[in-house]
Amino acid sequence: MSIVVRLSVLSLLVGVLASCAAWQPAPGAPQERAAASGTCHAERVQWAVGQIATSEVTGRVWRESHAGLIRPLRPEQTAAPGTRPDRVTLELDRDNTIRRVYCG
């Protein structure tokens with residue numbers, strides 16, 4: 001196998017693995033209360049249902065839910081089994097609109 005083919009395969013694998021990681025937004029300005037890896041409170045961020053999942057909206061959801069992680073799920077994605085009390089999940093539709101917000 002040539003070096004070019006090996007590098008191409010390696011690049012592809014790195015890209016696939018990187019896309020599986022949970023997305024973590026920037027913590028926000030120092031004066032804002034950023035999320036610490038605590039327990040998720042999805043009831044605080046139900047205002048996001050119906051909103052477009054921009055970086056501003058998802059960052060605000062992450063901070064206000066106090067979750068340690070945020071996981072956007074697109075229609076073609078499946079969630080891994082198991083729940084995490086420190087993760088807020090956003091179910092999105094094909095237009096990137098938030099349809100459901102829950103912890104786990």
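Analyst: What follows starts with the ground rules, then goes to the core and the elements around it.

This is a predicted model: local features need pLDDT of at least 70, side-chain atom pairs count only at pLDDT 80 or more, and totals for chains, interfaces and linings use all residues. Residues are numbered from 1 along each chain as its sequence is written, and side-chain values use heavy atoms, with hydrogens and water left out.

The protein has two helices and three strands. Helices (H or I, at least four residues) and strands (E, at least two) are DSSP runs, numbered from the N terminus. Their order along the sequence is α-α-β-β-β. Of the 104 residues, 32% are buried, where buried means under 20% relative accessible area, exposed over 50% and partly exposed in between (1.4 Å probe, protein chains only). Take contacts with a separation of 6 or more: 53% of them join residues 24 or more positions apart. A contact here means heavy atoms within 4.5 Å.

Now the core. The largest nonpolar core holds 15 residues. Such a core is a set of buried Ala, Val, Leu, Ile, Met, Phe, Trp, Tyr and Cys residues, joined through side-chain atoms within 4.5 Å. Val-61, Ile-70, Val-88, Leu-90, Ile-98 and Val-101 have the most contacts inside it. At least two core residues come from each of α2 (55-65), β2 (87-92) and β3 (98-103). In soluble globular proteins, nonpolar side chains tend to be buried together.

Next, helix α2. Its buried residues are Val-57, Thr-58, Gly-59, Val-61, Trp-62, Arg-63 and Ser-65. They pack against β1, β2 and β3. After α2 comes His-66, in the loop between α2 and β1. His-66 is not a glycine, yet its phi is positive, near 65 degrees. Its relative accessibility is 17%, so His-66 counts as buried.

Then the strands. β1 covers residues 69-73, and four of its five residues are buried. Five bridges join β1 to β2, and the two run parallel. Strands count as paired if DSSP finds at least two bridges between them.

β2 and β3 form a hairpin with five residues between them. Asn-96 lies in the loop between these strands. Its phi is positive, about 70 degrees, although Asn-96 is not a glycine.

Last, the rings. Arg-60 lies over the face of Trp-47, at 3.8 Å from the ring centre. The charged end of Arg-100 sits over the ring of Tyr-102, 4.0 Å from its centre. The test is that NZ of Lys or CZ of Arg is within 6 Å of the ring centre and within 35 degrees of the ring normal.

In short, α2, β2 and β3 each supply at least two residues of the core, and the buried residues of α2 pack against β1, β2 and β3.
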